[in-house]
Amino acid sequence: MSEKINDQNEIYRPDLFSTTPRPHLIAGRCKACGKYTFPKYYACPFCFSDDLEDAPLSPIGTLHSFTIVRRSMPDYQVPYGLGLVDFPEGVRVMAQIEADNLEGLKLDTKMEITVGPVRKSNDGKDIVSYKFCPVS
Amino acid sequence: MRDVYILGVGTTACGRFPDKPAHILGREAAWTAIKDAGIHPRKIEIAFCGHVYQGMGVGQRTLKEIGLVGQPVVNVEGACGSGTLSLWEAWRSISYGQYDIVLALGVENLSRILSGGPLPLEEDDIEVAMGMGMPALYAMRAKRYMEEYGVTAEQLAKVVVKSRKHAALNSIAQYRKETTIEEVLSSPMIADPLTRSQCCPVGDASAAAVLCSGELVDKLATKKPIKVLGCAAQSGKYSTPEKLICDPSENVARTSRMAYEMAGLGPEDMDVAEIHDAFSIAEMIVYEALGFCEKGAGVRLIEEERTSLGGDIVVNPGGGLLSRGHPIGATGLLQTAEIVWQLRGEVGARQVQDAKVGIIETMGGAQPAMDGITCVVSILGA
């Protein structure tokens, strides 16, 4: 699903985030029941409607939990932060965390979206995607 | 629905066996279970084989080694719950009247595909692409649980100390050396706060059970038959932020409630349990989901040693996934074998006194958006 944009890196799932006007994630919203999912599914898991639309999530969420991964799969540079962030629309999203002091990060901190490398491709290029960082 | 009994069980040892592919491990477990049941192999009408990574037709390739050819073989995959999903398939094929004598097999050789580190997951899952392994997901549960309930790293480590103490008495366990809180906490950090000793090892094994209908049990049984009092399999529901990541799994709670209802029993009636302790934190949370204690109180059962040998509800007397091992497709039937041995009174030093009823819980897979891929809960009675 990665879409190559230039020789330097690839973007993973460009359909799931946008950087304008402020970095945010793109979820799915059910037009029938109004509930959100991340990502957008084929049918709504709450009411089974298939009338779904892309919908931006709030740019800021709350850190529900996180870990610092020190042993991972090949292609991932350890250590890295990985966290779950709850958004006001009622979805919980997992992504890597960029922070100056990962060890000192507190649960329930306000987090925003940034874009950065998440792993290396087979030919050694950065694969970039959405990440979380504490609200500056 | 008809009564279903387990006539016999068999297992290999758990460990790293890179020279023994799945069918070599599997034939030993299947043959041992058939011998334990005391039946002629030809009487088996259908076999189910739980596995995750063992390739095309692994059940057929395994059973060919012991002459079990011709009859249907169904390979079953439900992530880490594959072994008990195979047991559930065997149970329902008898319970609903289609067959009378059935083999449930589980097999996995992980050493041949993985030297160590986290289990390879589906890269098409967004979370996996973002760097989530199973240790990381459970680490996030542990982090939130510690924050919510003031649980310490030492308390988490006690789960492993208990596990190794039990496994020291189990000749098939992968890790049989007792350990200390200090050792557990000083092993390398995998995903904070989980150290390596708090994660189940990479390992290989096979286990099997022979089941039969109530109509045939008196005629066939050569050892004390163990009755399947309840057996339920479910999948995870969609999970939303209304629940904490460390809350007792709704999937485990729902599946166990179905098994309890079928058995006409409750958590207070269980004498012994084999549960899915893939990581230290999982054990405490599963206590809560199975109704052994209230939400947030799992840590107290560990502190008070109520789930250790000698306690009032002994959990994982065989060492659990943390110490006996977690050869994923085999795990559910390794758990089943332990409960059968316990209810027959065959396990010597790790015997739970007067064990009459035992429960088996297996949880397969996990995604942040879904509360587990497969959960299977069985209740067995002597």
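Predicted model: local features only at pLDDT ≥ 70, side-chain atom pairs only at ≥ 80, totals over all residues.
## Domain arrangement of chain B

Contact between them involves 38 residues of domain 1 of chain B and 36 residues of domain 2 of chain B.

On the side of domain 1 of chain B that touches domain 2 of chain B, at least two residues each come from strand S1 (4-11), helix H3 (82-95), strand S4 (101-109), strand S7 (204-213) and strand S8 (226-234) of chain B. H3(B) gives the most to this side, with eight residues. By class, this side of domain 1 of chain B has 19 nonpolar, 14 polar and five charged residues.

## The ten-stranded sheet of chain B

Ten strands of chain B form an open sheet with mixed pairing, in the order S3-S2-S4-S7-S1-S8-S12-S11-S9-S10. Its edge strands are S3 and strand S10 (314-315) of chain B, each of which pairs on one side only.

Two helices of chain B lie against these strands. Helix H9 (residues 250-263) of chain B packs on the sheet and touches S8, strand S11 (357-364) and strand S12 (374-381) of chain B; the direction of H9 makes about 145° with that of S8(B). Helix H13 (residues 328-344) of chain B lies across S1, S2, S4, S7, S8, strand S9 (272-274), S11 and S12 of chain B, and H13 runs at about 125° to S4(B).

## Strand S2 of chain B and its neighbours

Strand S2 (residues 46-50) of chain B is largely enclosed by the rest of the structure, because four of its five residues are buried. S2(B) pairs with S4(B) in the parallel sense over five bridges, and B:Ala47 has B:Leu103 in S4(B) as its bridge partner.

S2(B) also runs parallel to strand S3 (residues 73-76) of chain B, to which four bridges join it. Here the bridge partner of B:Cys49 is B:Asn75 in S3(B). The chain crosses from S2(B) to S3(B) through helix H2 (residues 58-63) of chain B, and this β-α-β crossover is right-handed.

## B:Asn109 and the S4–S7 pair

S4(B) and S7(B) run antiparallel and are joined by nine bridges. B:Asn109 is found in strand S4 of chain B and stands opposite B:Asp204 in S7(B).

Is B:Asn109 buried or exposed? B:Asn109 has 29 other C-beta atoms within 10 Å; a residue counts as buried at 20 or more, so B:Asn109 is buried. Leaving aside residues up to four places away in sequence, B:Asn109 touches B:Phe17, B:Lys20, B:Pro21, B:Ala22, B:Leu25, B:Gln54 and B:Asp204. B:Asn109 and B:Ala330 are 221 residues apart in sequence, yet 9.2 Å apart in space, C-alpha to C-alpha.

## Helix H10 of chain B

Helix H10 (residues 280-289) of chain B is largely enclosed by the rest of the structure, because ten of its ten residues are buried. Among the buried residues of H10(B) are B:Glu283 and B:Glu288, together with B:Ile281, B:Met284, B:Ile285 and B:Val286. H10(B) is followed by B:Gly291, whose phi is positive, near 85°.

## Contact between chains A and B

The contact takes 28 residues from chain A and 24 residues from chain B. On the side of chain A that touches chain B, two or more residues are given by each of strand S7 (60-69), strand S8 (80-87), strand S9 (91-97) and strand S10 (110-120) of chain A. The largest share, six residues, comes from S7(A). This side of chain A has 16 nonpolar, six polar and six charged residues.

## Strand S8 of chain A

S8(A) is mostly covered, with eight of its eight residues buried. Both faces are covered: A:Tyr80, A:Leu82, A:Leu84 and A:Asp86 are buried on one side, and A:Gly81, A:Gly83, A:Val85 and A:Phe87 on the other.

S8(A) pairs with S7(A) in the antiparallel sense over seven bridges, with A:Gly83 in S8(A) as the bridge partner of A:Phe66. Seven bridges also join S8(A) to S9(A), and these strands run antiparallel; the bridge partner of A:Phe87 in S9(A) is A:Val91. S8(A) and S9(A) form a hairpin with three residues between them, and A:Gly90 in the turn has a positive phi of about 95°.

Technical notes: Residues numbered from 1 in each chain as written. Chains lettered and ligands numbered in written order. Contact = placed C-beta atoms within 7 Å. Nonpolar A, V, L, I, M, F, W, Y, C, P; charged D, E, K, R; others polar. Buried ≥ 20, exposed ≤ 12 C-beta atoms within 10 Å, placed from the backbone. Pairing = 2+ DSSP bridges. Right-handed = clockwise from strand over helix to strand, strands pointing away. Axes fitted to C-alpha atoms, helices over the stretch in contact; angles between N-to-C directions.
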